[in-house]
Protein chains: 2
Amino acid sequence: MFLHIDANNGLAVYDQIVRQIKFSVADGVLAVGELVPSVRELARELTINPNTVARAYRQLQDDEVLESMRGTGLIVSIGARKICLAARKRLIRARLQEVLLEAHHGGLDAEQIQTLFQTELKSLKKKR
Amino acid sequence: MFLHIDANNGLAVYDQIVRQIKFSVADGVLAVGELVPSVRELARELTINPNTVARAYRQLQDDEVLESMRGTGLIVSIGARKICLAARKRLIRARLQEVLLEAHHGGLDAEQIQTLFQTELKSLKKKR
DNA sequence: CCTACTGTACTAGAACGATGGTACGGTAGA
DNA sequence: TCTACCGTACCATCGTTCTAGTACAGTAGG
């Protein structure tokens with residue numbers, strides 16, 4: 001499956017699902033019109049409660065990323081790609097700002113942050 | 001005051017206090033032996049409940065950053081500087097890793113992340 | 001000694017996230 | 001038609017965080 005849930009990273013589980021589904025649509029992993037995993041199936045795969053998945057899907061419908069095919073499942077809606085590309089940029093940018101602000105408030109100057117960032121980016125590359 | 005609380009950034013309020021006190025000690029804003037603001041005073045300044053501040057201070061005592069002077073207040077403990085310097089590095093590094101991982105998982109490659117990072121770092125500099 | 005502060009401890013409740021379970025109507029396929 | 005799946009809507013329960021209020025022992029200063 002294309003989702004990774006981290007129970008203790010601060011974000012609510014349903015929110016992690018919402019974000020990652022959006023990222024998958026933005027990235028093209030989930031195509032417009034495609035069926036997403038059913039509530040029960042995704043819950044089984046992630047070993048979480050179906051209600052939590054339903055909660056995430058409800059949010060994604062509110063955001064017009066998914067739409068319901070009654071009795072069949074949920075599909076990626078027509079306008080989803082555009083919405084998700086914008087959302088991805090906005091979400092990542094917000095996270096980055098948070099971290100930078102915290103680092104700066106913690107007494108690190110731009111150079112130190114820069115150095116730390118490069119180190120982490122390199123170790124991220126190595127993993128792939 | 002030297003603390004900024006953001007109610008909706010995912011982190012618990014007490015945890016934000018813990019982190020920022022540690023950062024202040026690491027940065028030297030709070031010196032070893034110095035009294036930290038009292039539970040009631042800090043609560044008043046941040047307009048939060050005194051119990052929430054007490055919760056944070058309890059955590060900081062467990063982490064051996066603060067120690068109690070009964071009836072007088074809490075002071076920054078002798079070994080606090082070293083502990084906080086290490087903690088700051090560890091905490092910021094962890095946050096950075098989270099964001100980078102999320103960005104990468106969201107389909108952005110190293111270059112795109114790099115660009116986004118530089119933009120945000122510049123806008124951070126401008127604010128100071 | 002008295003007063004005003006300190007930390008600390010306790011109870012109670014609200015809000016939220018997550019779990020577990022049950023139930024119902026719609027749809028697809030054998 | 002029957003069966004198995006689908007989303008959806010409930011319900012009760014639990015843990016965490018935060019708020020609110022009260023109480024008590026220790027300490028400093030007038």
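A backbone N or O atom of A:Tyr14 lies 3.4 Å from a phosphate oxygen of DNA strand C, a polar contact being a pair of N or O atoms within 3.5 Å (within protein, one must be able to donate a hydrogen and the other to accept it, and residues adjacent in sequence count only if both atoms are side-chain atoms). The model is predicted: local features need pLDDT of at least 70, side-chain atom pairs count only at pLDDT 80 or more, and totals for chains, interfaces and linings use all residues. Residues are numbered from 1 along each chain as its sequence is written, chains are lettered from A in the order in which they are written, and side-chain values use heavy atoms, with hydrogens and water left out.

**DNA strand C**
- DNA strand C is surrounded by 22 residues, each with a heavy atom within 4 Å of the strand.

**Chain A against chain B**
- The contact (heavy atoms within 4.5 Å) takes 37 residues from chain A and 37 residues from chain B.
- About 3900 Å² is buried between the chains, counted as accessible area (1.4 Å probe) lost on being put together, summed over both.
- Eight salt bridges are counted between the chains, each a side-chain nitrogen of Lys or Arg within 4 Å of a carboxyl oxygen of Asp or Glu.
- One of them joins B:Arg93 and A:Glu120 (2.9 Å, N to O).

Key
Buried area = accessible area lost by both parts, 1.4 Å probe.
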